[in-house]
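Subject: Structure handover

Hello,

Please find the structure below, with notes on what came out of it. Have a look at the coordinates alongside the text.

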Amino acid sequence: MNTTDREAILSRVRGALAPLPRRAPLPDWETELIHMRTRRGDVDAWALFQERLRLVNGLPLEGAASLVTWLEQNGWTRGYCDPELWPRLQAAFPATFTVETTFDRGRVDDYQFGITRAAGAVAETGTLILTDGATSSRLAALAPWVHIAVLQRAQIHVDLQSAVTSLADDSNIVFCTGPSKTADVEGILIEGVHGPGQQVALLLE
Amino acid sequence: MKFQQIDQFAAGLRKETRASVYDGSKKGYDARTKTLFDHFEDPDRLRRVAGEIKQHVVENLDTYLPQVEAKLRANGVIVHWAATAEAANQAVLSIMRARNAKKMVKAKTMVSEETELAHFLEKEGIECVETDLGEFIIQIDGDHPSHIVKPIIHKNRREIATSFEKHGLGAYNDDPQTITRRARAHLRNKYLEADVGLTGANFISAESGRLVLVTNEGNSRFCLAATKCHIAMVGIEKILPRDRDLALLLNLLARSGTGQQLTVYTEFISGPKSPAQPDGPEEMHVILVDNGRTDVLASDCRDILRCIRCGACLNVCPVYRQASGHAYRSVYPGPVGAVLSPLLAGKKFPELADLPKASTLCGACNEVCPVNIPIPDLLLRLRNKGKLEKSEAAAAATPPMGGWAVMASQPAAWKFALIGGKIIDHLPHKFIPVPALQAWTGKRTLPDWKGGEFRKWMKNRPRPNPALDTPENTR
């Protein structure tokens, strides 16, 4: 570590701030400040989450059977599944599917979908929360065209404030809000830039 | 009269580029206004509170910096300090060398633009690939970003398709979807081959030491899923006091920048990967970069250090929309750049001292700023600084005000000038030999001269109690 740079920066900071007669205080702010207008009294978190997820072009599904139907309709039959989830899902998948429970980074493009567990969700933004602890492979939740995050009702936060103030004790937490996207070329929205072009939340109780 | 540099640049801009920049920035502004006002009762208060929080941080950096350092260390992060751009680049290089690393993938970070990291590393024989689509296109073109959030706002699809073809990324095809898919295929191999992933940080929480990164494309997530070492280059002003403040600022950042409720990938990183996780960095470094920030802190323009780089002030600025980002000749364009770039230039301040004049002081930049930076005030302070330092760039195209000052300070001269104004009503405008007036009246009608009305009103205005006419009350 460069101790001289550290001392130089800190002493310059102290020197710059010394002449200030007083420092700006830290304001307190009430949580209501960032409550959205659309907020309803006793909202069903899963219902609100579904509505919001659709607004960002994500897809909410309920139950393994509906996932299998949707994957078949789109012709996506090769994928990855979290080894702990697979025993629960396996029965719903016909033999036409090839599902692996280890993700081989040597052939990332062989996987059309990746199924991992979500650590939570945010209803008002349609956000899925992924963590190192819950998500079995960062790459499997990112590289395939389709990412399916498995979620339970009790994991859904109503708003961003609640999700941010109860972040898990995990070194890597990612809020995913819809498919990966860009508008760099002439402001035209294109989905599936580096990450998934399809972001699915699968409710599985 | 010599035009200002920014005017010269704007005048020479291709029609196509001007249209791209204008449309792109207007779209950004419209989306911002809609989401903020649709979603919140009082979006203006959000901005003001966020501004107070950031001002508090800026004025207490002496406390927060050591606090952040301690938190980061406790989280298993290796902390570096870099006083200058060279020191920051050198710190990256020594981390690379220590790992014997030859390849880097990097996400978009403005501070690495300041230090010109990619050029530096390439000279040292290290492959450094920009992964943000816009930045990737800038890199293969050898161009510079022209917007903080939308780096290629000045390019159209045909130009992009041409450079893709030139760089072996497929035959000419200007369909934005095809362009994006080709970049996807090309860049995923780069991620998987790279030893190190470099990012910036939008915020660091002093409470938990978490770094917050936002992207839409997922490129920074890929950098941190595929590589074994993470380096984050972070300006010293990026701190927020508490985790809950992240919620407030995140609610403002995406809405102000792109009109989104939240960016697609919002990452909270507090250290190397968890032991059970197969993918991601086992080693994490944070480089705290000064590079001129402490000079800004010592100046009377320190409020600019609140900036969260959302680009809202660029989108709304009538000068930016016409001139485009390259006209600002520096890393930060637009109103924020007109303040920040000359200040960060240090000794080279005089060369950029014209930028604070590239504004009509209309105040729109302040009005949209998610941290309520009084940009017009700061521009005025810098204009003054430019004048005191006798900068040639700052003096260019300043109309001579001496004559006006004489006229305005002598009542007789002023009255005479008013009569002159009346005469204009009776002259055909094409005979008045002032090019600016002719250009202006070419498409508009000059209103009738009203000079003198104010003096009449002032003399006869209703006064309830003239005895109370102190200078204070007549303001």
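In chain A, strand S1 and strand S12 (residues 198-203) run parallel and are joined by four bridges. Within that pairing, A:Leu61 has A:Leu202 of S12(A) as its bridge partner. Please note that this is a predicted model.

The two strands belong to an open sheet of six strands in chain A, with parallel pairing and the order S1-S12-S7-S4-S2-S3. Strand S1 (59-62) and strand S3 (98-100) of chain A are its edge strands, each pairing on one side only. From one strand to the next, the twist averages 25°. Helix H3 (residues 64-74) of chain A lies across S1, strand S4 (113-117), strand S7 (146-151) and S12 of that chain, and runs at about 130° to S1(A).

Chain B also has an open sheet of six strands with parallel pairing, here in the order S1-S10-S7-S4-S2-S3. Strand S1 (78-82) and S3 of chain B stand at the edges with a single partner strand each, so one side of each has no neighbour in the sheet. Neighbouring strands of this sheet are turned against each other by 20° on average, direction ignored.

The pairings around S2 and S4 of chain B are as follows:

- Strand S2 (residues 103-106) of chain B pairs with strand S3 (residues 127-130) of chain B in the parallel sense, over four bridges. B:Lys106 has B:Glu130 as its bridge partner in S3(B).
- S2(B) pairs with strand S4 (residues 196-199) of chain B, in the parallel sense and over three bridges. In S4(B), B:Leu198 is the bridge partner of B:Lys106.
- S4(B) is joined by four bridges to strand S7 (residues 229-235) of chain B, and the two run parallel.

Of the 475 residues in chain B, 51% are buried. Among contacts in chain B between residues at least 6 apart in sequence, 74% join residues at least 24 apart.

One involves helix H16 (residues 334-344) and helix H19 (residues 375-388) of chain B, whose axes come within 10 Å and cross at roughly 40°. H16(B) and H19(B) are therefore oblique to each other, and their crossing is left-handed. On the H16(B) side, the residues are B:Pro335, B:Val336, B:Ala338, B:Val339 and B:Pro342, which meet B:Ile375, B:Leu378, B:Leu379 and B:Leu382 in H19(B). By class, this contact has nine nonpolar residues, no polar and no charged.

The other involves helix H21 (residues 402-409) and helix H22 (residues 411-424) of chain B, packed at an angle of about 105° with their axes 5 Å apart. H21(B) and H22(B) are therefore roughly perpendicular to each other. B:Val406, B:Met407 and B:Ala408 in H21(B) meet B:Ala413, B:Trp414 and B:Ala417 in H22(B). The residues of this contact divide into six nonpolar, no polar and no charged.

Now the interface between the chains. In it, 61 residues of chain A are in contact with 77 residues of chain B. Helix H10 (residues 176-193) of chain B gives the largest share of the chain B side, eight residues. That side divides into 36 nonpolar, 23 polar and 18 charged residues.

Strand pairing also links the two chains. Strand S9 (residues 172-176) of chain A and strand S9 (residues 265-269) of chain B pair in the antiparallel sense, over five bridges. Among these, A:Cys176 has B:Tyr265 of S9(B) as its bridge partner.

One residue of chain A to inspect is A:Leu26, in the loop between helix H1 (3-17) and helix H2 (45-55) of that chain. Which residues does A:Leu26 contact, leaving aside its neighbours within four places in sequence? They are B:Ile53, B:His56 and B:Pro241. A:Leu26 has 15 other C-beta atoms within 10 Å and is therefore partly exposed. Its C-alpha atom and that of A:Gly114, 88 residues apart along the chain, are separated by 44 Å.

Regards

Terms used. Residues numbered from 1 in each chain as written. Chains lettered and ligands numbered in written order. Predicted model: local features only at pLDDT ≥ 70, side-chain atom pairs only at ≥ 80, totals over all residues. Contact = placed C-beta atoms within 7 Å. Nonpolar A, V, L, I, M, F, W, Y, C, P; charged D, E, K, R; others polar. Pairing = 2+ DSSP bridges. Axes fitted to C-alpha atoms, helices over the stretch in contact; angles between N-to-C directions. Parallel < 35°, antiparallel > 145°, perpendicular 65-115°, else oblique. Left-handed = near helix turned anticlockwise from the far one by under 90°. Buried ≥ 20, exposed ≤ 12 C-beta atoms within 10 Å, placed from the backbone.
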